[in-house]
Amino acid sequence: MKKTLVIAGVTAMVSMPSYANTYFALGIGAGEYDYSGPSSSSQTFKQINDMGSFGLKIGHYFNDSLRAYGYIRGSASDSYNNADIVTRELGAGADYLSYITSQLYLLAGGNLGYQKTILEDTNPPATKDDNTGLSSGINLGLGYNFTENFALEVGYRYSYYFSNDIKNSDIGLNVSVDSNYNAYLNAKFKF
């Protein structure tokens with residue numbers, strides 16, 4: 001047991017310099033889902049297209065202009081007539097940063113991930129249908145470094161969901177949740 005603790009301690013000390021360029025970001029956003037398919041024209045889907053999102057990124061700066069990250073993101077629609085849509089994403093991405101001043105920067109990036117979309121309707125007969133698949137996205141934003149370790153970022157994100165069809169023949173449901181787009185605010189903390 002002591003050997004294990006010593007090995008873990010030495011490993012942590014040796015790897016400490018790699019934490020020097022680590023960051024994490026907490027984000028919130030608001031936007032809309034984009035639907036297609038025969039059921040997408042129903043009043044329910046017209047009403048549950050507004051969505052809010054939240055997320056966590058953990059990443060690494062390779063230099064001042066390039067960073068990569070892993071992320072987990074969730075989003076949920078407004079509820080209408082006891083129906084709502086929830087999406088969860090897990091993936092990786094990278095951003096390019098272009099500094100306008102030493103504190104103000106533009107950013108552009110992309111991501112690739114795995115998503116799960118859940119459509120729940122609690123009206124009788126209550127149904128819960130879901131689908132999983134790949135997601136990809138792009139984002140554009142503007143950031144400001146308040147200190148060396150803290151920044152805020154605002155921007156626009158578009159996420160596309162591949163083959164995200166939700167069907168339930170028992171209730172005549174046939175809709176595709178194609179994408180979402182939202183404005184976001186991230187609080188970024190750098191170590």
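Biologist: Which residues form a nonpolar patch on the surface, and how much accessible area do they have together?

Modeller: In this predicted model, the nonpolar patch is made of Ile28, Phe54, Ile100, Leu106, Leu142, Tyr144, Phe146, Leu152, Val154 and Leu185, which together have about 880 Å² of accessible area. Strand S6 (127-145) and S7 each supply at least two residues of this patch.

Biologist: Why is Ile28 called exposed?

Modeller: Ile28, which lies in strand S1 (residues 22-36), has a relative accessible area of 54%. Exposed means over 50%, and therefore Ile28, at 54%, is counted as exposed.

Biologist: Why is Tyr184 called buried?

Modeller: The relative accessible area of Tyr184 is 5%, and a residue is buried when this value is under 20%, so Tyr184 belongs with the buried residues. Tyr184 is part of strand S9 (residues 173-190).

Biologist: What does Tyr184 touch, not counting residues up to four places away in sequence?

Modeller: A touch here requires heavy atoms within 4.5 Å, and the residues that Tyr184 touches include Ile28, Gly29, Leu107, Asn139, Glu153 and Arg157. With Arg157, 27 residues apart from Tyr184 along the chain, the C-alpha atoms are separated by 7.3 Å.

Biologist: How many residues are in the chain, and what percentage of them is buried?

Modeller: The chain has 191 residues, and 38% of them are buried. Its accessible surface comes to about 10,400 Å², with 63% of that belonging to carbon and sulfur atoms.

Biologist: Which elements make up the secondary structure of the chain, and in what order do they run from the N terminus?

Modeller: There are two helices and nine strands, and from the N terminus on they run α-β-α-β-β-β-β-β-β-β-β. Among the contacts with a separation of 6 or more, 63% are between residues 24 or more positions apart.

Biologist: What makes the pair of Asp95 and Lys57 a salt bridge?

Modeller: The closest N and O atoms of Asp95 and Lys57 are 4.0 Å apart, and a salt bridge needs a side-chain nitrogen of Lys or Arg within 4 Å of a carboxyl oxygen of Asp or Glu, so the pair is counted as one.

Biologist: What forms a salt bridge with Glu153, and how far apart are the closest N and O atoms?

Modeller: The partner of Glu153 is Arg67, and their closest N and O atoms are 2.9 Å apart. Glu153 lies in strand S7 and Arg67 in strand S3, so here the parts tied together are 86 residues apart in sequence. Salt bridges that share partners join Lys57, Arg67, Asp95 and Glu153 into one network, and the count of salt bridges by this rule is four.

Biologist: How do you know that Glu153 is buried, and how do you know that Arg67 is buried?

Modeller: Glu153 has a relative accessible area of 1%, and Arg67 likewise has a value of 1%. Buried means under 20%, so Glu153 counts as buried, and so does Arg67.

Biologist: What is noted about the phi of Ser163?

Modeller: Ser163 has a positive phi of about 50 degrees although it is not a glycine. Most residues other than glycine have a negative phi. Ser163 lies in the loop between strand S7 (150-161) and strand S8 (165-168).

Biologist: Is Ser163 buried or exposed?

Modeller: The relative accessibility of Ser163 is 60%, and exposed means over 50%, so Ser163 is counted as exposed.

Biologist: How many cavities of 30 Å³ or more does the structure hold, and which residues lie nearest the centre of the largest cavity?

Modeller: The structure holds one such cavity, and the volume of the largest cavity is about 110 Å³. Its lining has 16 residues, of which Gly27, Gly55, Arg73, Arg157 and Asn186 lie nearest the centre. S1, strand S2 (50-63), strand S3 (66-77) and S9 each supply at least two residues of that lining.

How values were computed: Residues are numbered from 1 along each chain as its sequence is written. This is a predicted model: local features need pLDDT of at least 70, side-chain atom pairs count only at pLDDT 80 or more; totals for chains, interfaces and linings use all residues. Side-chain values use heavy atoms; hydrogens and water are left out. Helices (H or I, at least four residues) and strands (E, at least two) are DSSP runs, numbered from the N terminus. Buried means under 20% relative accessible area, exposed over 50%, partly exposed in between (1.4 Å probe, protein chains only). Accessible areas come from the Shrake-Rupley method with a 1.4 Å probe; for residues, only the protein chains shown count as cover. Patches are made of residues with over 30% relative accessible area and no salt bridge: like charges are joined within 9 Å, nonpolar side chains (Val, Leu, Ile, Met, Phe, Trp, Tyr) within 5 Å. On a 1 Å grid over the protein atoms alone, a cavity is a set of points where a 1.4 Å probe fits but cannot get out, and a pocket is an open set with protein on both sides within 12 Å along at least five of seven lines; lining residues have an atom within 4 Å of a point. Grid points are joined across faces, edges and corners, and a volume is the space filled by probe spheres set on the points.
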